[in-house]
Amino acid sequence: MPVVRIPSVLRKHTDGEPRIETEGATVREVVDALVTRFPELRERLLEDGEIRGFVNVYVDDEDIRYLDGMDTEVAGADEVAIMPAVAGGDR
Amino acid sequence: MNTSGEMLPDPFTIPDQETRVSDDTPDEAFRLDRATFDAMVEHASSDFPYEVCGLLGVRPDGSIEHWEIANDERSMTYYRMNGKEQLQAMREIEDNGWDLAIYHSHTHTEAYPSRTDVELAVYPEATYLIVSLQDRDQPEVRGFHILEGEISEVPVHVT
């Protein structure tokens with residue numbers, strides 16, 4: 001079962017845990033298990049059931065946007081990393 | 001407050017659910033060795049007029065690991081870190097327990113967080129460093145903490 005890497009900004013909603021073991025065959029199932037266990041994560045990670053645009057999710061090192069999105073399979077993967085994008089500008 | 005005096009929450013702060021953490025202790029200085037400072041300025045100059053971005057991992061002994069990260073936007077006014085490079089660097093920083101600094105360059109404006117910088121800041125533990133090339137002869141690096149939309153400056157000491 002893959003381990004979900006939780007970014008520091010969200011750890012206050014996972015009792016401080018930086019890595020969570022979850023169950024699920026796809027990213028969607030893993031995220032559902034995560035937000036069921038830690039309900040405060042739901043509105044922070046998801047909008048209309050999809051991962052919010054500025055939050056990057058990787059299965060091992062691949063961005064799920066380039067795989068199958070939330071239907072990406074995670075069986076056999078080591079890590080699902082949730083990592084908010086770093087962005088900004090000068091205005 | 002941003003430069004217009006407005007409070008901007010970050011995307012993970014849900015209004016009415018979170019109490020603002022007030023921290024009156026002055027921010028400790030961020031120690032930046034001269035070699036890393038020069039490398040950051042060099043990096044910022046290398047892709048001028050486009051903005052550059054990168055990450056620093058600060059070890060307990062103060063030494064710094066520096067990653068230049070591709071700016072996927074390649075814009076003069078906006079940056080977005082290449083996700084894969086960001087992931088690999090941040091994973092190393094986190095797994096080693098190093099302190100995190102996030103830097104980017106302002107090519108034409110001062111080294112102060114813009115409204116966009118504040119709205120998109122979601123790493124509360126990071127020191128946000130801005131390299132300004134507004135004066136090409138005197139590049140400047142300033143540091144900040146950005147917590148729930150509030151900016152507090154962190155003095156940067158170049159050693």
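**View 1. A salt bridge between chains: E79(A) and R91(B).** E79(A) pairs with R91(B) in a salt bridge, their closest N and O atoms lying 3.1 Å apart. This is a predicted model. Four elements of chain B each supply at least two residues of the side that touches chain A: β4 (78-80), α2 (83-96), β5 (99-106) and α3 (115-119). The largest share, 9 residues, comes from α2(B). By class, that side of chain B has 14 nonpolar, 10 polar and 10 charged residues.

**View 2. Where chain B meets chain A.** Here 34 residues of chain B are in contact with 29 residues of chain A. About 2800 Å² is buried between chain B and chain A. Carbon and sulfur atoms give 51% of that area. On the side of chain B, the residues that lose the most area to chain A are F12(B), L87(B) and E94(B). Together they make up 24% of what that side buries. Between chain B and chain A there are 7 salt bridges. The count of residue pairs in polar contact between chain B and chain A is 18.

**View 3. R91(B) and a loop of chain A.** A salt bridge also joins the side chains of D61(A) and R91(B), at 2.9 Å from N to O. D61(A) sits in the loop between β5 (55-59) and β6 (62-63) of chain A, and R91(B) in helix α2 of chain B, so the pair joins two chains. Is R91(B) buried or exposed? R91(B) is buried, because its relative accessible area is 19% and the cut-off for buried is under 20%. Salt bridges with shared partners tie R5(A), R11(A), R19(A), D61(A), E79(A), R91(B), E94(B) and D95(B) into one network.

**View 4. R5(A) and E79(A), a pair within chain A.** The side chains of R5(A) and E79(A) meet in a salt bridge, 3.0 Å from N to O. This pair links distant parts of the chain. R5(A) is in strand β1 (residues 3-5) of chain A, whereas E79(A) is in strand β7 (residues 79-84), 74 residues apart. R5(A) is buried, with a relative accessible area of 7%. E79(A) also counts as buried, at 12% relative accessibility.

**View 5. D95(B) and R19(A), a pair across the chains.** The side chains of D95(B) and R19(A) form a salt bridge of 2.7 Å, N to O. The pair crosses between chains, from helix α2 of chain B to strand β2 (residues 19-21) of chain A. How exposed is D95(B)? D95(B) is partly exposed, with a relative accessible area of 45%. R19(A) counts as partly exposed too, at 37% relative accessibility. Over all chains, the count of salt bridges comes to 17.

**View 6. Strands from two chains, side by side.** Strand β8 (residues 87-89) of chain A is joined to β4(B) by 3 bridges. The two strands run antiparallel. Which residue of β4(B) is the bridge partner of G89(A)? The partner is Y78(B).

**View 7. S114(B) and its contacts.** S114(B) has its place in the loop between β5 and α3 of chain B. S114(B) is buried, with a relative accessible area of 7%. Leaving aside neighbours within four places in sequence, S114(B) is in contact with G89(A), D90(A) and R91(A) of chain A, and with H106(B) of chain B.

Methods. Residues are numbered from 1 along each chain as its sequence is written. Chains are lettered from A and ligands numbered from 1 in the order in which they are written. This is a predicted model: local features need pLDDT of at least 70, side-chain atom pairs count only at pLDDT 80 or more; totals for chains, interfaces and linings use all residues. Side-chain values use heavy atoms; hydrogens and water are left out. Contact means heavy atoms within 4.5 Å. Buried area is the accessible area (1.4 Å probe) that two parts lose on being put together, summed over both. A salt bridge is a side-chain nitrogen of Lys or Arg within 4 Å of a carboxyl oxygen of Asp or Glu. A polar contact is a pair of N or O atoms within 3.5 Å; within protein, one must be able to donate a hydrogen and the other to accept it, and residues adjacent in sequence count only if both atoms are side-chain atoms. Ala, Val, Leu, Ile, Met, Phe, Trp, Tyr, Cys and Pro count as nonpolar, Asp, Glu, Lys and Arg as charged, and the others, Gly among them, as polar. Two strands pair if DSSP finds at least two bridges between them. Buried means under 20% relative accessible area, exposed over 50%, partly exposed in between (1.4 Å probe, protein chains only).
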